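Here is a short tour of one protein model, written for someone who likes to know the cut-offs behind each term. Have the viewer open and follow along.

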Amino acid sequence: GVVLQSLGGGWQNIAPPLEGINYSAIWGEAEDDFFVVGSAGTIARYRGGRPWETWRLQSGANLEAIWGTHSGNIYAVGQAGAIVHFDGVSWETMNSGSTQALLSVHGRNAEEVFAVGADGTILFFNGLIWRAMESNTTNTLNGVWCRSDGQTVAVGDYGLALNHSGILGEDSPWLAQDSASLFSLYDVTGDGAGNTYAVGFNGSVVSYNGDTWTTNHPGHHDRLNAVDLDPCGSIIAAGDWGVILRHGY
C-alpha cells in the first residue's frame, strides 16, 4: 500500500486511502499528474490539489504495468492476459488474445505498443488489435522498452535479453542477446541519447548502447525491481527491503 514521492532529500508516502492493495507500477506525464496500478484490478490517479481518483476492474485482475503516450491514451496490463485502455475518461477492456500474465508494457506511439510477460509472451498492438509475436523462449519476460533508434528490447529471467530491430511482421524475429548478466532482469528503461538500462536480481545493473550490453556495479546486492531516469538523466532504481538507489552524473 505504499506510493512514495521524492521530497527534498527523502521520500514521503502519498498512497491512496485504500486497504490491502499492493501497487506494482506508476506512470505519468508530470509530477502532479500520474497513475498507479496494483492488485485486485486497482487503478488510481493522482492530480495535485485533488483527492485520488480510483477505479476497480470488474475482473479484479492484478495489474502489473502501465504506460501511455499521454493522459488520454494509456494501457495497463496484468494477470491472465488482462489489458485495459484509458481514453481520458474511462477504462475499457481490450482483447489481448492471451491468458498469460503480462508484466510490462511500452511503446512509441498509439500504433506501436508492446506487452511482455510469462512463458516468453510478446504481444504487439498496431492501433487496432493485439497479436502475438514469436519470442523463441519460454522464459518469463519482465520488461520491455522501445528505443528511439527503432530497436525494441525485452529482458527477463536468467539474464535473458531479446532485441527486435526489423519491420514488424513474420519475417522480423526477436533475437537473443548477451545481456552481460546471469541474473534475472526485472525492469528496463532508457533515454533519448541511445542508452538503455536494466536491473534485476543480486543488485544487477546492465546497460545497452545499441550494440552491446555491459555490466555496472551499484555496490548493493538487494534485488532491484524497477528502474527509471529523472529529468537530469540520473538513474533511479528501487528494490527489496525498501532500497532506492540513485546514480547521478
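Which backbone oxygen lies 3.1 Å from a polar atom of the side chain of Q151? It is the backbone oxygen of G210.

## About the model

This is a predicted model, in which local features need pLDDT of at least 70 and side-chain atom pairs count only at pLDDT 80 or more, while totals for chains, interfaces and linings use all residues. Residues are numbered from 1 along each chain as its sequence is written, and side-chain values use heavy atoms, with hydrogens and water left out.

## Around Q151

Q151 sits in the loop between β15 (141–146) and β16 (152–156). Strands here are DSSP runs of E with at least two residues, numbered from the N terminus. Q151 counts as buried, at 11% relative accessibility. Buried means under 20% relative accessible area, exposed over 50%, and partly exposed in between, with a 1.4 Å probe and protein chains only.

Leaving out residues up to four places away in sequence, Q151 touches R108, W145, C146, N163, H164, S165, Y208 and G210. Contact means heavy atoms within 4.5 Å.

The largest nonpolar core has 27 residues. A core of this kind is a set of buried Ala, Val, Leu, Ile, Met, Phe, Trp, Tyr and Cys residues joined through side-chain atoms within 4.5 Å. The residues with the most contacts inside this core are F35, I43, I66, Y75, W91, V105 and W130. Apart from it lies another core, of 12 residues, with V116, I122, L141 and L162 among them.

Not counting residues up to four places away in sequence, W91 touches F35, I43, W55, I66, I74, A76, V84, H85 and F86. As general background, nonpolar side chains tend to be buried together in soluble globular proteins.

## The second largest pocket

About 270 Å³ of space lies in the second largest pocket. On a 1 Å grid over the protein atoms alone, a pocket is an open set of points where a 1.4 Å probe fits, with protein on both sides within 12 Å along at least five of seven lines; lining residues have an atom within 4 Å of a point. Grid points are joined across faces, edges and corners, and the volume is the space filled by probe spheres set on the points.

The lining has 16 residues, and V205, N216, P218, I235 and H247 are the closest to the pocket centre. At least two lining residues come from each of β20 (196–200), β23, β24 and β25 (244–247). By class, the lining holds 11 nonpolar residues, four polar and one charged. In this count Ala, Val, Leu, Ile, Met, Phe, Trp, Tyr, Cys and Pro are nonpolar, Asp, Glu, Lys and Arg are charged, and the others, Gly among them, are polar.

## Loops with polar contacts

S234 is found in the loop between β23 (224–229) and β24 (235–239). S234 is buried, with a relative accessible area of 2%, and its side chain makes a polar contact of 3.0 Å with the side chain of R246. A polar contact is a pair of N or O atoms within 3.5 Å; within protein, one must be able to donate a hydrogen and the other to accept it, and residues adjacent in sequence count only if both atoms are side-chain atoms.

N209 lies in the loop between β21 and β22 (213–216) and is partly exposed, at 45%. Its side chain reaches the backbone nitrogen of D211 at 2.8 Å and the backbone nitrogen of T212 at 3.0 Å. Beyond four places in sequence, N209 touches R147 and G194.

## Positive phi values

Which loop holds A80? A80 lies between β8 (73–78) and β9 (83–86). A80 has a positive phi of about 55 degrees although it is not a glycine, and at 48% relative accessibility A80 counts as partly exposed.

N202, in the loop between β20 and β21 (205–208), has a positive phi near 60 degrees. N202 is partly exposed, with a relative accessible area of 27%. For context, most residues other than glycine have a negative phi.

Key. Helices (H or I, at least four residues) and strands (E, at least two) are DSSP runs, numbered from the N terminus.
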